[in-house]
Amino acid sequence: MPARSITSLQLGGKKVLVRCDFNVPLAEGKIQDSERIDASLDTIRYVTERGGAAVLCSHLGRPKERTPELSLKPVAEYLTNVLGKKVALAPDCIGDITGKMIEMLKPGDAILLENLRFHPEEEANDRDFSHELARGKQAYVNDAFGTAHRAHASTAGVTRFIAERAAGFLMMRELEALRSVTVNPEHPAVAILGGAKVSDKMGVIKSFIAKLDAILIGGAMAYTFLKAKGVGVGRSRVEDDKLVLARELLDEAAAKGKRIVLPVDHVVAISADEESTATVTQIPVDMMGLDIGPATVDSFIAELSRAKTVIWNGPLGLFEREPFSHGTMRVGEALANMPGVKSIIGGGDTAAAVGHQPWSKQFTHISTGGGATLEFLEGIELPGVKALES
Ligand code: ADP
Ligand code: MG
């Protein structure tokens with residue numbers, strides 16, 4: 001059952017608890033990347049424009065107790081700027097002072113509660129804490145897709161105490177985009193998988209073998225699959241304890257008539273921080289594969305150009321270093337420029353790798369979730385989404 005959208009709520013005159021994902025990177029108290037905040041602005045504006053008072057809340061970092069460096073103060077200041085109205089920071093997310101500040105809010109106002117994780121009860125999904133968080137609010141909107149795979153007080157517990165609840169616009173966009181991959185995708189549907197480890201993405205690979213037509217594998221993950229097939233991978237990163245599993249996945253795909261496309265050439269070096277690199281079809285025993293080679297890039301692009309739906313998770317090389325970023329960038333740019341292909345990008349590092357490129361606007365959707373996106377693609381029901389159902 002898809003979650004209800006915020007547009008189905010009557011918000012006028014209500015205090016609306018809005019769970020956002022303001023978990024932004026900070027350095028010396030300055031926001032390094034405001035994307036996550038910007039992604040929820042339409043939800044916040046909708047609440048205030050409909051005459052609700054927005055009570056915004058989020059976690060920031062992983063504090064176990066009150067930690068001044070992890071205050072949401074910079075976020076309150078940023079919101080005050082972009083919304084063009086004062087967004088005060090409450091001294092806490094619960095308690096009497098905060099409660100009074102919320103009581104005094106007028107329709108159209110917004111306030112930000114202090115970091116939810118200053119209370120360990122947040123992650124423990126504590127019942128009393130959830131009750132406190134709900135106090136004085138008549139509606140609840142969850143826009144924190146990036147935290148939807150966690151059953152915390154602010155994402156799950158609080159819904160026991162607020163009947164009127166729905167998903168915000170960011171949450172709806174995320175769910176819609178990801179559902180277009182997992183529920184009746186338009187075929188041919190192709191996945192690009194990369195990144196560091198097979199073990200992180202086993203569930204996703206299984207689910208893709210069942211639902212999609214082909215899987216293109218690059219990144220370090222590819223070397224576990226190549227080694228499982230008996231191909232020499234030199235000193236490339238391999239998960240030896242996953243070789244049997246990799247073999248099973250290859251067999252399962254073959255049995256279902258699904259194609260798994262592995263790299264046919266590689267950019268190699270003696271080590272990850274080595275300047276001198278080479279492009280090879282066979283990896284020398286003393287070298288490691290750090291990016292897919294140009295022939296592999298061409299073969300991936302050829303596959304993608306026949307696809308109608310593409311889901312991409314995981315960089316195709318050690319993109320943080322320029323000599324090993326070309327595979328990721330060339331495949332990314334080609335995909336972004338394919339007309340008529342629905343392209344969904346997921347994964348924290350993948351989004352960091354391609355999300356700021358000039359062509360990245362042409363992707364259909366770049367997911368803001370890491371773990372939540374992977375769990376959704378695996379077919380796991382997200383607690384933060386389930387809690388929105390009545
Ligand atoms: P995401 O966050 O998008 O899900 P992952 O966390 O699974 O992606 O993987 C990203 C990491 O994988 C990056 O740090 C990247 O440098 C690394 N990586 C990709 N290919 C290789 C490779 N061939 N060798 C070593 N590391 C790699
Ligand atoms: Mg990652």
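Colleague: Which side chain does the side chain of K242 make a polar contact with?

Modeller: Heads-up, this is a predicted model, where local features need pLDDT of at least 70, side-chain atom pairs count only at pLDDT 80 or more, and totals for chains, interfaces and linings use all residues. Residues are numbered from 1 along each chain as written, chains are lettered from A and ligands numbered from 1 in written order, and side-chain values use heavy atoms, with hydrogens and water left out. A polar contact is an N or O pair within 3.5 Å; within protein, one atom must be able to donate a hydrogen and the other to accept it, and sequence neighbours count only if both atoms are side-chain atoms. At 3.3 Å, the partner of K242 is D241.

Colleague: Is K242 buried or exposed?

Modeller: Buried means under 20% relative accessible area, exposed over 50%, partly exposed in between (1.4 Å probe, protein chains only). K242 comes in at 16%, so it counts as buried.

Colleague: How many residues surround ligand 1?

Modeller: A residue joins that shell if one of its heavy atoms lies within 4 Å of the ligand. The closest are K201, G317, E320, D349 and T350. The shell splits into seven nonpolar, nine polar (Gly counts here) and three charged (Asp, Glu, Lys, Arg) residues. The shell's total is 19 residues.

Colleague: What distance separates an oxygen atom of ligand 1 from an N or O atom in the side chain of T350?

Modeller: Ligand 1 also has an oxygen atom 3.1 Å from a polar backbone atom of A196, and a nitrogen atom 3.2 Å from one of A220. For the T350 side chain, the distance is 2.5 Å.
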